[in-house]
Structures are given as structure tokens and as C-alpha cells.
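I opened this notebook to look up a few things in one structure and to write down the cut-offs beside the values. The sequence and the coordinates come first.

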Amino acid sequence: MKRVAIVGAGKIGGVIADLLAGSGDYDVEIFDASASSLERLVTQRPVRRRLMDVRSEAFPEALRGAFAVLNAAPYHATTAVARAAREAGVHYLDLTEDVASTREVKDLAQGAPCAFIPQCGLAPGFISIVAHDLASQFDSLEEVRLRVGALPQFPSNTLNYNITWSTDGVINEYCEPCEAIVDGRLRETQALEEREEFSLDGVTYEAFNTSGGLGTLCETLAGRVRNLNYRTIRYPGHAAIMKTLLHDLGLRDRRDVLKDILENALPSTLQDVVVIFVTVSGRKHDALVQVSYANKVYAAPVEGVMRSGIQITTASAICAVLDMLAAGDLPQSGFVRQEQISLAAFLANRFGRNYAAADTGLQPGARVA
């Protein structure tokens, strides 16, 4: 069994622990700086729990001898965990959507004897794997559009939203600059802008710019695509209210206040749906072609406990990447991008199959005609 450390005893950390411990191939230990978070953590499998601040001098020593550390903590802890992994010489994986943190992880990966694989969740993460797989089928690219959202199945408030994952992460992606390629040039765009509407399976959604969802795709596809963008999916009306809170009321500069408001006003729910929609257009055999991937993932039991769709997709993604790393199917040192992961291999993985089972789009190995 490979020893694995998980940082963060939150909504995602417990599902990661159950998936890995339940496989029988990983010895799991969860680290968190909050005793109450460790006590509240719900796992069906026996996992060790350790109270520790990742910024403490003891943390790198605690990681020594582990195969990997999986960072499921809020984005502001990313750099500290990555530095500890480098010092301890263990593989590093995370779920961050924060652009600045990912750049620091990339710097730490230079010359490292272990692998650094950030952004292993849903978006960034799986969405980049899908987009790159579709894009690789074209002779030349025109547009690559990525759309993802974790939504309540039964919205019941004016925001049409429930908190289903990190509140810090949601606020961060609504505030920080976004990356995009526009007319062949790398651009910074504003979060919550460029709103659009579309329908999928008879349901109307809105989508708008948010930060971090593209991962490293802008760098990977630079010079190859005319337009590339990522937008978060919500029900119509959500963006307008968030713009009022963040901009008109100035809460983008008082994020702790906004976090307190959201966590005390929006109930959590396990009855959610994760919507994944990727569209790529370009030329193949001198013809202009478009191909799309569409998928919805709903809440389901994991190890006998009902888990939300966003918990399942996020935890399954990082577990699948860890599995492929452990099998030697991914580079064992340096910085590893999500685009280096094969979609077919991901969906064939025992954890990745949590996506494939709900897949309503292209199946593994499908190709543009």
C-alpha cells in the first residue's frame, strides 16, 4: 500500500479519503489545522487524522516517506503545501483554481525529483483533459469553449444557488482576473463579464467569465487556436446579483464578510447536478467541423454515504490522476499539466469511471468524422 497524505478535512477531503482507502491500495492520513473539522469529517473507511498546520516546521517531516500529498485545502494554503512536498520529496497534487498559486507551484516544480500536478479537480482539471482531447483531433483550431457548473437540482432562492464546495474558492473565481485567447492573443478578461445564455436538455443556463478554469490550456494552445475561453454555468439571474454584492456593495474587498454572509444564508445541499459542456470547432480535411462533449453528473452514494455531484467529480478526478501517477502512466518528476493526461485512460480508470458512467457525450476513443 502507498501512503498518501490528504490536506483538508472539508467537503472534498473526506470523499477523497473514502475513495482511496476503499480501493485497498492506499494508506490514508488526513491533515487539518482545525480540530473541529477533523471531528466532523465523515468517512466510512478507517483513515488516520492528524491535527497540524501546513505552515508549521513539522509538516514537511510528517510527509516524509509518503508517496504523495493531495491538497484539498483552500487556495491560500496551496504554496505552503507545495513547498512542504518539495522539501519532503513527495509527489504533489492539488485542486486549486487560483492562477497565482499555480504559477508558484510551477516554479517549485523546476528541477524537482517528484511530480507536481496542480489543478486536478473538475475545472480546472477534467475539463482541460476533455478540451485537449477534442482539440487534438483537428488539423487546425478555431474556437475552444469550456463551460462547467455545479448547480442545485431544485433552486429555491434568488441566487438560484447553494454552497456545495469551498466558499473561498467560489469568491476567488468571481473576483480574480480571467485568462482567455481572443483573436489569437492571450488576454486578461474580467470575472462575471461576457454573460451568455444557452440551453441543454431543455434547461436554460447562463454562463460568464470566472478565474482559473482554463488551467494551463492558454499556454498549451497558444498559437494554435483563435478563441479559447472558460465560463462558469449558473441559472439565469445569478451573475447580476453577485455583481451587485461584489462591485456595488464593495464586498470584493471584504471577502471574509461575503463568505460569512453566503455560508449563513445559503443552505448546503446534496441534491446537485454538475453540468459539463465543451465545444471545439476547427478544420479537418479542409472542412469546418464542430464537436461537443456534454455530461451531467448527479449526487450518488460513495462507500455507502450520499455525496454531491461536485464532491464526486472533484474527488474522483484527483484520485484518478493519483492512480495513473502510481501506475507510472504520468511523468514522475517536474511540472505535469492536465492536458498530458489521456481522456480515454482517465475514463477507463476505476475512479475516472464516475464520469464515464454518467457520460452523455463522446465515449472514450470517439473521433471527429
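**Conventions.** I am working with a predicted model, in which local features need pLDDT of at least 70 and side-chain atom pairs count only at pLDDT 80 or more, while totals for chains, interfaces and linings use all residues. Residues are numbered from 1 along each chain as its sequence is written, and side-chain values use heavy atoms, with hydrogens and water left out.

**Overall fold.** I looked up the secondary structure and found 13 helices and 17 strands, where helices (H or I, at least four residues) and strands (E, at least two) are DSSP runs numbered from the N terminus. The radius of gyration is 20 Å, close to the 21 Å that the globule rule gives for 369 residues, so the protein is as compact as a globular protein of that length; the radius is taken over C-alpha atoms, and the rule is 2.2 Å times the number of residues to the power 0.38. Along the principal axes, the C-alpha trace spans about 55 × 45 × 40 Å.

**Second largest pocket.** Which residues lie nearest the centre of the second largest pocket? They are V99, R103, E179, G215 and T216, out of 18 lining residues, and the pocket volume is about 280 Å³. A pocket is an open set of points on a 1 Å grid over the protein atoms alone, where a 1.4 Å probe fits, with protein on both sides within 12 Å along at least five of seven lines, and lining residues have an atom within 4 Å of a point. Grid points are joined across faces, edges and corners, and the volume is the space filled by probe spheres set on the points. Helix α5 (99–109), strand β8 (178–182) and helix α8 (217–221) each supply at least two lining residues, with the largest share, 5 residues, coming from α5.

**Helix α7.** I checked the cover of α7 (residues 167–175) and found 9 of its 9 residues buried, among them D168, N172 and E173. What covers these buried residues includes the strands β11 (203–209) and β12 (227–234) and the helices α9 (238–248) and α10 (255–265).

**T220.** I located T220 in helix α8, touching H132, R337 and E339 when residues up to four places away in sequence are not counted. T220 and E339 are 119 residues apart in sequence, yet their C-alpha atoms are 8.0 Å apart in space.

**Backbone notes.** I found a cis peptide bond between A123 and P124, with omega about 5 degrees, and P124 belongs to the loop between β6 (115–117) and α6 (126–135). Q119 lies in the loop between β6 and α6 and has a positive phi near 60 degrees, although Q119 is not a glycine. Is Q119 buried or exposed? Q119 is buried, with a relative accessible area of 5%. N160, in the loop between β7 (140–152) and α7, is also not a glycine and has a positive phi of about 55 degrees; N160 is buried, at a relative accessible area of 18%.

Key:
Buried < 20%, exposed > 50% of the residue type's maximum accessible area, 1.4 Å probe, protein only. Contact = heavy atoms within 4.5 Å.
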